[in-house]
Amino acid sequence: MAAVHHISVSQLHRIFQEKALAEGGPSTVMGYIRHQRLEGARRDLADRAQSTVPVHRVAARWGFTHHAVFTRTFRAVYGIAPRDYRHQKLDTGQ
C-alpha cells in the first residue's frame, strides 16, 4: 500500500494513527483492513439475497480463511455470533 502511494511504510502507519486520533476507528493499517473486511461480511450476512450462502463462505469471500477465527472476531466486534446476527437481521427484516 505504501509503495502504491509512493510513501514510506512508517509514513503510512503514521497516517493511520493520526486518522484514528481524529476520527476514531482502527489505528493500524491491518486494523483498518480487518474492519473493512468485517463490515463487508456483516453487510453480506444481512443481505436477503445472500441468505442461502453459508456463513463460512461469506467469511472466505472477505478473506477469513478460518471459520473459527472469523466467528471469534465477529463476536468480539459486534457482540453476537455471525449466524445469530444473520438470523436476527433476516427475521426482523432490518
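The legends below walk through several close-up views of one predicted model.

Residues are numbered from 1 along each chain as its sequence is written, and side-chain values use heavy atoms, with hydrogens and water left out. Because the model is predicted, local features need pLDDT of at least 70 and side-chain atom pairs count only at pLDDT 80 or more, while totals for chains, interfaces and linings use all residues.

**View 1. The largest nonpolar core.** Let us begin with the core. A nonpolar core is a set of buried Ala, Val, Leu, Ile, Met, Phe, Trp, Tyr and Cys residues joined through side-chain atoms within 4.5 Å. Here, buried means under 20% relative accessible area, exposed means over 50%, and partly exposed is in between (1.4 Å probe, protein chains only). The largest such core has eleven residues: Leu38, Ala41, Leu45, Val55, Val58, Ala59, Phe64, Phe70, Phe74, Ile80 and Tyr85. The elements giving it two or more residues are α2, α3 and α4. Helices are DSSP runs (H or I, at least four residues), as are strands (E, at least two), and they are numbered from the N terminus. As background, nonpolar side chains in soluble globular proteins tend to be buried together.

View 2. With 18 residues, α2 reaches 26 Å from its first C-alpha to its last, close to the 26 Å expected at 1.5 Å a residue. That expected span is 1.5 Å times one less than the number of residues. Val29, Gly31, Arg37, Leu38, Glu39, Gly40, Ala41, Asp44 and Leu45 are buried in α2. Among the elements that cover these buried residues are α1 (9-23), α3, α4 and α5. Contact here means heavy atoms within 4.5 Å.

View 3. Twelve residues make up α4, which reaches 16 Å from its first C-alpha to its last, close to the 16 Å expected at 1.5 Å a residue. Its buried residues are Phe70, Thr71, Thr73 and Phe74, and what covers them includes α2, α3 and α5. Which residues does Phe74 touch, not counting those up to four places away in sequence? They are Leu38, Arg42, Leu45, Gly79, Ile80, Ala81, Pro82 and Tyr85. Gly79 follows α4 and has a positive phi, near 75°.

**View 4. Thr73 up close.** Thr73 lies in helix α4. A polar atom of the Thr73 side chain lies 2.8 Å from the backbone oxygen of Val69. Leaving aside neighbours within four places in sequence, Thr73 is in contact with Arg34 and Leu38.

View 5. The buried residues of α5 (residues 82-92) are Pro82, Tyr85, Arg86, Lys89 and Leu90. Seen down the axis of α5, these buried residues fall within an arc of 120°, so they line one face of the helix. The arc is that of the directions from the helix axis to the C-beta atoms. Which exposed residues does the face of α5 turned away from its buried side carry? That face carries Arg83 and Asp91. The buried residues of α5 pack against α2 (29-46), α3 (55-61) and α4 (67-78).

**View 6. Salt bridges.** How many salt bridges are there? The count comes to three, where a salt bridge is a side-chain nitrogen of Lys or Arg within 4 Å of a carboxyl oxygen of Asp or Glu.

- Arg42 and Glu39 meet through their side chains in a salt bridge (2.8 Å, N to O). The two are three residues apart in helix α2, so about one helical turn separates them. Arg42 is partly exposed, with a relative accessible area of 21%, whereas Glu39 is buried at 18%.
- Asp44 forms a salt bridge with Arg61, and their closest N and O atoms are 3.0 Å apart. This pair links distant parts of the chain, with Asp44 in helix α2 and Arg61 in helix α3, 17 residues apart. Asp44 counts as buried at 11% relative accessibility, while Arg61 counts as partly exposed at 45%.
- Arg83 and Asp84 meet through their side chains in a salt bridge (4.0 Å, N to O). Arg83 is exposed, with a relative accessible area of 53%, and Asp84 is partly exposed at 33%.

**View 7. His6, before α1.** His6 has its place in the segment before α1. Although it is not a glycine, His6 has a positive phi of about 55°. For context, most residues other than glycine have a negative phi. His6 is exposed, with a relative accessible area of 73%.

Methods:
A polar contact is a pair of N or O atoms within 3.5 Å; within protein, one must be able to donate a hydrogen and the other to accept it, and residues adjacent in sequence count only if both atoms are side-chain atoms.
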